[in-house]
Structures are given as structure tokens and as C-alpha cells.
Amino acid sequence: MKIFSVWVVSCILAMGLGLHAGPGRAGAEPPAPVSLDQACQAISGKLASVDFEGCRQSGLLCTHAFSSEGFPLLLKEYPPLAHREPQSRVLVLGGTHGDEYSSISIIFKWMEILDVHHSGLFHWVFVPLLNPDGLLRENSTRTNHRGVDINRNFPSPLWLEVGYQRWVDTVRRNPRYYPGPQAMSEPETQFLVELIQRFRPHAIISVHAPLGLVDYDGPGTPPKSLGSLPLRKLGNYPGTLGNYASDFGVPVITLELESAGRLPSHSEISAMWRDLVRWLVHSTPLPSWGVIEAHNPGPLLDEAFFAK
Ligand SMILES: [Zn+2]
């Protein structure tokens with residue numbers, strides 16, 4: 001069952017149907033639509049480790065969602081196989097911050113591994129680049145096109161009282177961490193929240209750089225390490241993906257690679273992947289998941305997701 005296959009025929013078609021719904025667009029000319037080929041051209045032009053042909057033929061799909069600059073938000077699904085009920089659903093995410101190049105490249109490397117080894121054990125969705133506008137600027141930025149830190153824009157319960165206020169008081173309005181005018185104000189955040197609500201992952205893996213550690217939010221037991229990266233919890237911060245998703249019981253592993261500009265070695269990329277899969281095998285789904293799911297009835301992402 002390939003639940004996303006009916007999503008979108010092409011990015012341009014989605015734009016033509018008027019599905020672009022980025023904020024601040026009222027009355028403004030939407031940016032020129034970007035096709036999957038153009039998207040892969042742009043990504044491979046920026047990231048030496050991402051090959052244009054490989055990206056084009058990787059099975060990435062355009063969703064209905066676009067960045068403010070008209071760049072399609074791409075995903076790849078490794079759906080359940082006919083003979084095997086998957087143990088868990090897992091969402092893997094890179095490029096929330098556009099200047100953390102390695103966090104995008106490693107997602108492409110892991111997809112290459114899974115292209116060969118997908119066994120049906122898990123039902124995966126990969127979003128390799130959540131913040132294309134930040135990456136594709138001449139000088140890549142952490143924030144998106146509108147200057148918002150997507151990883152401070154998720155609708156946590158205390159987004160305003162604690163999250164936004166900390167940006168004012170503690171971070172002294174540092175623009176790198178601007179949480180936005182309100183929670184979920186950004187098209188990239190809206191896309192991911194909708195994806196989480198529809199896909200209902202049992203675990204989320206989000207890659208960043210360059211702190212060189214593994215952070216963990218939510219219930220369950222975190223991995224002690226992934227590859228050479230040790231577990232070191234950074235604490236709660238309303239507005240982050242970890243804070244948002246763990247609030248309703250989804251564990252979030254935040255993998256902080258050691259360098260934003262340099263990929264780990266081939267063997268380290270493989271070691272991280274092995275450790276990640278081992279943790280997923282032993283730790284998901286959480287015993288509490290049945291309770292969570294019971295409160296979220298309804299189908300997974302399917303064609304209805306596009307019928308807007
Ligand atoms: Zn980051």
C-alpha cells in the first residue's frame with residue numbers, strides 16, 4: 001500500500017490547482033513554480049554530496065506544500081510491504097535549518113541505504129529538506145525566507161508564555177532564533193504538523209548540526225549513543241519539534257552532527273543508521289501508543305489529504 005502515491009502528479013500541477021497556501025501571499029504574485037527536476041538541480045547545485053540524477057530518480061515526491069519562495073516540500077515514503085505488517089511508523093527529517101548542510105546530505109545517504117535494505121520492518125517517511133529557502137539563498141541561513149526559525153515555530157502549549165518570551169528575555173531577540181509572529185505561522189511548520197497528524201509516526205528522527213550529540217524528548221528510553229555521538233539532553237524549549245511532538249507522546253530523537261559543513265565518514269553514517277534502527281526495534285512503538293492512537297482516530301495520509 002503506497003499511501004502517498006496519489007498525492008501529487010507533479011509540483012507544477014499542484015501549484016496550478018491553487019494549493020499553494022503560504023502565509024503573507026494574499027494579493028501577492030506567487031513565486032514561479034518549481035518542478036522536481038528544478039528542485040533537484042537547486043539542491044545538488046548547493047550540496048556537493050547530492051547528485052542531480054540520484055535526486056531526480058530517488059523517488060522523492062512533491063507534496064501539496066510549498067515554501068514561501070515556491071519551492072516544493074519533498075518527501076519520500078518507504079511503504080509497508082505486502083507480506084509484512086510494519087512494527088512502527090517513523091518520520092526522518094533534515095534541513096530544518098538551511099545552513100546545516102550535513103543534516104540534509106545525511107538524509108540522502110540514509111535513503112540510499114534504505115533503497116537497498118527496506119525490508120518492511122518499518123513504514124518510513126523521509127523529508128530531506130524542510131527549509132529549502134534557507135538552504136538555497138546565496139548565503140544559506142538557519143531561518144526560512146521570512147526570517148523565522150522553524151524549530152521555534154511549532155505549536156507547543158507554552159509557545160507564547162515561555163517560548164516567545166525566552167526569545168525576548170534570554171536570547172535578547174537574536175534573529176537567528178526568531179520564533180515567528182505566532183506559533184505555526186510558517187508554511188514549512190504547517191506542512192510538518194499536518195504530516196505528523198496524518199502519518200502519526202511512532203517516532204521522529206530530526207537531524208541538525210553542529211553540537212555533536214544526541215538529544216531526546218518524550219517518553220520511552222533514549223539511545224545511549226548513535227554512532228560516536230553521545231546522549232546529552234538539552235532540555236525543554238517550547239516551539240521546538242521535540243517539545244511539540246513529545247507533548248502528545250511521540251518520542252523525538254534530535255541528532256546533532258559534529259559539523260554543519262562536513263558529512264561524517266561513510267562508516268560513521270552507517271554506524272548511526274544501524275544504531276538508530278536498533279533503537280527503533282527495541283523501543284517502538286511505546287507501550288502508551290495504543291492510548292494515543294485511540295484518541296486520534298481516522299485514516300493515515302491518503303488521497304483525501306490532497307482533496308482541498
Ligand atoms: Zn539546527
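This is a predicted model: local features need pLDDT of at least 70, side-chain atom pairs count only at pLDDT 80 or more; totals for chains, interfaces and linings use all residues.
Q: At about what angle does H7 run to E1?
A: Helix H7 has 13 residues and spans 18 Å from its first C-alpha to its last, close to the expected 18 Å. This helix lies across E1, E2, E3 and E4, and its angle to E1 is about 120 degrees.

Q: Which strands stand at the edges of the sheet, and why is one side of each left without a neighbour there?
A: The open sheet has 7 strands with mixed pairing, in the order E1-E2-E4-E3-E5-E9-E6. A strand at either edge has a single partner strand, so one of its sides lacks a neighbour in the sheet, and this applies to strand E1 (61-66) and strand E6 (213-217).

Q: Which residue in E4 is the bridge partner of Glu77?
A: Strand E2 (residues 72-78) and strand E4 (residues 122-127) run antiparallel and are joined by 3 bridges. Glu77 takes part in this pairing, and its bridge partner in E4 is Val125.

Q: Which residue follows H7, and near what value is its phi?
A: Phe199 is one of the buried residues of H7, and the helix covers residues 187-199. The residue that follows H7 is Arg200, whose phi is positive, near 50 degrees.

Conventions
Residues are numbered from 1 along each chain as its sequence is written. Two strands pair if DSSP finds at least two bridges between them. Helices (H or I, at least four residues) and strands (E, at least two) are DSSP runs, numbered from the N terminus. Two residues are in contact if their C-beta atoms, placed from the backbone, lie within 7 Å. Axes are lines fitted to C-alpha atoms, for helices over the stretch in contact, and angles run from 0 to 180 degrees between N-to-C directions. The expected span of a helix is 1.5 Å times one less than its number of residues. A residue is buried if 20 or more other C-beta atoms lie within 10 Å of its own, exposed if 12 or fewer, and partly exposed in between; C-beta atoms are placed from the backbone.
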